[in-house]
Each structure stands twice: as C-alpha cells, then as structure tokens.
Amino acid sequence: MSMAAASSRSFSFFFSWLLLHTHVHVHAIFEFREATVNEIQSAFSRNEISSKQLVKLYKDEILRRNPILCGVADLNPDAESEAEKADQERAEGKGGTKLSGVPVLIKDNITFKKKRMSTTAGSYALAGSVAAEDAFVVKKLREAGAIIIGKATLKEWSGFRSSNMPGGWSAYGGQAKNPYNLSNEVCGSSSGSAISVAANFATVSLGTETDGSIICPSSYNSVVGIKPTVNLTSRSAVVPISLRQDSVGPIHIPEGGYAQYLNPHGLQGKRLGILRYPNSFNSIFPQNSMENATYQQLFQVMREKGATLVDDIVIEKNEEIYENEMIALLAELKRDLNSYLENLVSSPVRSLADLITFNHQHNTLEKIVDYPQDMFIKANMNNGMSKEVQEAISNLERLSKDGFEKMMKEKNLDALIYVGQKLVPFLAVGGYPAITVPGGYNNENMALGVSFGGLKYSEPTLIEIAYSFEQATKKRRPPPNDLIVTQVTQTSISSL
C-alpha cells in the first residue's frame, strides 16, 4: 500500500533540505555518486561543477543503468535549461537555498505540470493527462531552486489495482529492480524513489505513503526514508488512495528547522522498545542466522550509545487492523481518486469506473491477465461512505489509541524499533511518523534496514535517534558495480 516523504542515502542528504564514466567536462574532478547536498553546494561555490553539468552526470547514469533498474519513468526535457538558469542566478549572487541547483526526482503520482510529461501513477490510462497546477510540494521544491530531473517509477496505482501485483511493477515504468541484487525484492509503491537514490540517479527523491510505501522500499534499497505524521504535509495534486491516511513530504518546518535535531548523541537517555514478532525476534530471523546476529549487534550499539532497550513489546490485533483498514481504504480510494480525476484539466479517464473500462480495453498493455484489477473492482462497488466504512474508520481510531498509543505511554518509550513493514499496520492507520536507516546486508547482499516509529509529531525525537544511530554505525555502501548495464535495451523512459 502506498502514499511518505523523501528518500536519501543519508541524513546529510535528506535534512540538508529539511524534509533530503561521464561525457561531461568539469573544472575539477567531482565525484557526484554518493555526494551529499552540502558537498554539492560546496562544489558549486568552488566552481568545481555547475548545476547543468551535474544534471548531465545524473542523466548519463540514468541512461546507463535505468534500462535494467527501471527506477525512473520520465526525464524532464527542460532540466538542463532550468539548471543553467540556476547557475546564472548563483553567479549573480541569487538563490542561496540548500536545494538551489540540486537534482531531485519525484514519484510519478505527484503532479509536475510540464509539457510532454504527465503524472501517470504508473498507468497508461493517465498518459497524456494534464493537471491544473503543480503539487504543493513541487511548488516548494521549485521555489527553493531544486531541479526536478524527472519522475520516479512506482507500483502502479500505489499498489491498489491488483492484490497480486509485485512491488515496483507498473505498465508505464516496467518492473523495477533492486540495485544490490536484481533478484531481491524492491518493496512498496515508492520503489523507484528509493532505487533511484540508491543507484545515484538523483541527490534526493520524493515519495508518498499510505502504509509502508516509503519505509519499506527505503529499507530494502539501503537508503534513509522518512514518513511524516499524516496532516503535517500537503497532499494537494497528488494521486490519492486515502486523504485520511496518505502522507507526502516535505515536512512543515518548525522554528529553527529540523537540522537542529541532527544530534550525534541523540540516543543518549532514550527509551526504545523492540517489537516482538509476535513472541520472539527469532520468529522473523532464526537465532543462528546472519540477519539475527546483525540486528543484535545493532541493538548493542544503541545500548552503548546510552539508549535503554525495552525488549518485550507486543502489539496485538494486527489482523483486526488489516481488515478494518482495507474496508476503509477501498471506499476512500473510490471517493478520493474520482475527485482527483474529475479535477484534471484533460484526461482520458474521469472516474474509477473509467479506469476499469480502460484496463479491460487495453488488457495486454496493462497486463490484466497477470495482474487482475480485483482491488479496483472491489473499490468501485462502494456506494459512498457507508455505515460499515464509518464503523471501520472508528475501529481504526480505537485500535490506534488502545494499542500503539497506550503501549508507548505505559512503557514510557521515545520510539519503537521494528524490522519489516507488514507487522506494523498500526503506524499507518494511526497516521504516526517513522524513519528507516540502513543497518547492513545479508549474504545475498540484501539490505537490512532499522526503522523507528513514534507518536504523532515526534519527528524531532525520531530524527535525533535515527541520526545518532546512523552516525554510530554508517552501514550504507553503494550498490555493486557488476550490476551496471552493458547492453542497453528498450528503455522505459519516454521523454529522453
């Protein structure tokens, strides 16, 4: 399930914004891969590289690797000219924000009003559609001087078309691949946002989350991801699932900004609960496994940095949460998606019913035999917000308060540590924030993330904890070079 904030390779990427082989001649050698926003700005100021040159470097990397990884759906045809304008403004002493001239990717369900580019949500049904204006988050990015280099791929319709569609697949963008191991899961609907940052297709990226769609792919692709508290961000002009549960970055910035919480000693004095699955951590990873040993080492680092770990946290009734969540989301999908489609300036489809018809008529293009639209059909059967739907939403509110919130307060916890998204639906339905940080890799080079969840508006505390953990461990490493594409086949990028 989908709709989060941004993905980045580290907190130095992400919170610089406060949410996060080349043919180009540069004045001095500048290694753009793994570069932070601060490093890029320093390179700009020293004239080691221009924004236009940086955009070309990222485009070259995308052209070289994206035909296999499928992390990018479309490229902005005006990115280089917009970067050149940013360079001119910098030369005139204008700009000056952390994001000025920095290439950013946005998920392809976030509206970016640009000729020859549509916001497709991964479906050919919206190819050629025209929106009235940029999403609010895109406006803020552009006001800050960021260069929208393109659109990141996603699981089609944020995973709500078909119950058996694999993570990262869409008709428009193809099957996204994990840059650490092509056979590994990519997870979630914001898969392209995470893959692209991991593979150095952009400095930072923006995603969305309804239930795990930033945290899960960020974890699987070894990048930092943050999902803010629901309602802390604007959802305007974003293809929705549920306005009640969707979350998008950037975060509204408190006085002094979020950078003040980048505290390397942030674990000191914190009480962290370890979520059991359901009775033992070993029910996820066997006791003698590499994964279990890795996480136990990471937990020990937290203790050494001054955190108290409470190792007996169990939150029950997950099945009841899932059942009520699905009832609510299917009804909200029809209501909120219909509203979005109706308000487009131009579109081949204007309702969920139109989408179902389109998919029937283009069943080969949309692979309806492989990935049936059972979730669309169930959603379309709803007739408004029925009594059953309203009761489901009420149940979710009760389960959130009596479950996660009550546990956090009774145990006096600053954050909950968890691994994997499927066992924490309470974070999604309650609108709670979460952050994930790279924690290492297993023998198959699958990334192992460590995630921290908290109560509403606890972003400052979560940032302190996660940043301190990241600085103490520094587990992220770039994807292996042996996965570089050597033969370019037909690309999924349509605006090259």
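Residues are numbered from 1 along each chain as its sequence is written, and side-chain values use heavy atoms, with hydrogens and water left out. Because the model is predicted, local features need pLDDT of at least 70 and side-chain atom pairs count only at pLDDT 80 or more, whereas totals for chains, interfaces and linings use all residues.

The chain contains 14 helices and 15 strands, taken as DSSP runs numbered from the N terminus (helices H or I, at least four residues; strands E, at least two). Of its 496 residues, 62% are buried, where buried means under 20% relative accessible area, exposed over 50% and partly exposed in between, with a 1.4 Å probe and protein chains only. The chain exposes about 19100 Å², of which carbon and sulfur atoms supply 48% (Shrake-Rupley method, 1.4 Å probe).

One disulfide is counted, defined as a pair of cysteine sulfur atoms within 2.5 Å; Cys187 and Cys216 form this bond with their sulfur atoms 1.8 Å apart. The torsion about the S-S bond of Cys187 and Cys216 is about 100°, so the disulfide is right-handed. Cys187 lies in the loop between β6 (174-175) and α6 (191-198), and Cys216 in helix α7 (residues 215-220), so the pair ties together parts that are 29 residues apart in sequence. Cys187 is buried at 12% relative accessible area, and Cys216 is likewise buried at 8%.

The largest cavity holds about 50 Å³ of space, a cavity being a set of points on a 1 Å grid over the protein atoms alone where a 1.4 Å probe fits but cannot get out, with lining residues having an atom within 4 Å of a point. Its lining has seven nonpolar, two polar and no charged residues, and includes Trp157, Ser158 and Leu333.

The structure holds 24 salt bridges, each a side-chain nitrogen of Lys or Arg within 4 Å of a carboxyl oxygen of Asp or Glu. Among them, Arg33 and Glu61 meet at 3.2 Å, N to O; this pair links distant parts of the chain, 28 residues apart, with Arg33 in the loop between α1 (11-17) and α2 (37-45) and Glu61 in helix α3 (residues 51-69). Arg33 is partly exposed at 24% relative accessibility, whereas Glu61 is buried at 3%. Asp87 and Arg90 form a salt bridge of 2.8 Å, N to O, and, being three residues apart in helix α4 (residues 79-91), are separated by about one helical turn.

How values were computed
1 Å grid on protein atoms, 1.4 Å probe; cavity = no way out; pocket = protein on both sides within 12 Å on 5 of 7 lines; lining within 4 Å. Points joined across faces, edges and corners; volume = space filled by probe spheres on them. Nonpolar A, V, L, I, M, F, W, Y, C, P; charged D, E, K, R; others polar.
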